[in-house]
Amino acid sequence: QVQLVESGGGLVQAGGSLRLSCAASGRIFSINDMGWYRQAPGKQRELVAAITNGGSTNYADSVKGRFTISRDNAKNTVYLQMNSLKPEDTAVYYCNAYIISWRTSGSDYWGQGTQVTVSS
């Protein structure tokens with residue numbers, strides 16, 4: 001069994017910063033692409049940022065220049081540094097990873113979600 005555990009969410013004022021972390025645990029052989037998604041009330045889940053195993057990144061237009069995704073392969077962890085936060089960034093943030101476990105094929109995994117609330 002593999003699981004992703006998120007941390008770092010919370011309440012912050014507009015213009016502030018937060019850093020989200022997502023650590024994968026279990027019988028992990030390797031991790032391919034990793035990413036962060038968010039879902040605001042009444043809206044569909046959207047991709048915020050993604051990073052490949054080779055370090056290539058992709059960002060939603062709404063967060064470019066403010067958010068930075070990174071990963072530490074030795075720790076099986078992906079991070080999302082969020083700066084200059086805006087109220088419209090308020091959402092539940094989910095990490096995602098495609099993970100290959102020992103003696104099994106790869107599978108898509110999701111974190112439990114962490115609430116980020118940005119006040120005016």
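Strands β1 and β3 run antiparallel, joined by five bridges. One of the paired positions is Leu-4, whose bridge partner in β3 is Ala-24. The model is predicted.

Both strands belong to an open sheet of four, ordered β1-β3-β8-β7, with antiparallel pairing. At its edges lie β1 and β7, each pairing on one side only. From one strand to the next, the twist averages 15 degrees.

Strands of a sheet pair through backbone hydrogen bonds.

| Strand | Residues |
|---|---|
| β1 | 3-7 |
| β3 | 18-25 |
| β4 | 28-39 |
| β5 | 46-51 |
| β7 | 67-72 |
| β8 | 77-82 |
| β9 | 91-101 |
| β11 | 114-119 |

The largest nonpolar core holds 32 residues. Trp-36, Leu-80, Met-82, Tyr-93 and Ile-99 have the most contacts inside it. Strands β3, β4, β5, β7, β8, β9 and β11 each give two or more residues to this core. The largest share comes from β9, with five residues.

What does Leu-80 contact, leaving aside its neighbours within four places in sequence? Its contacts include Leu-18, Leu-20, Trp-36, Val-48, Phe-67, Ile-69 and Tyr-93. Arg-19, Ala-49 and Thr-68 are also among them.

The whole structure has one disulfide. Cys-22 and Cys-95 form it, with sulfur atoms 1.9 Å apart. The torsion about their S-S bond is about 45 degrees, so the disulfide is right-handed. The pair links distant parts of the chain: Cys-22 sits in β3 and Cys-95 in β9, 73 residues apart. Are these cysteines buried or exposed? Both Cys-22 and Cys-95 are buried.

Technical notes. Residues are numbered from 1 along each chain as its sequence is written. This is a predicted model: local features need pLDDT of at least 70, side-chain atom pairs count only at pLDDT 80 or more; totals for chains, interfaces and linings use all residues. Side-chain values use heavy atoms; hydrogens and water are left out. Two strands pair if DSSP finds at least two bridges between them. Axes are lines fitted to C-alpha atoms, for helices over the stretch in contact, and angles run from 0 to 180 degrees between N-to-C directions. A nonpolar core is a set of buried Ala, Val, Leu, Ile, Met, Phe, Trp, Tyr and Cys residues joined through side-chain atoms within 4.5 Å. Buried means under 20% relative accessible area, exposed over 50%, partly exposed in between (1.4 Å probe, protein chains only). Contact means heavy atoms within 4.5 Å. A disulfide is a pair of cysteine sulfur atoms within 2.5 Å.
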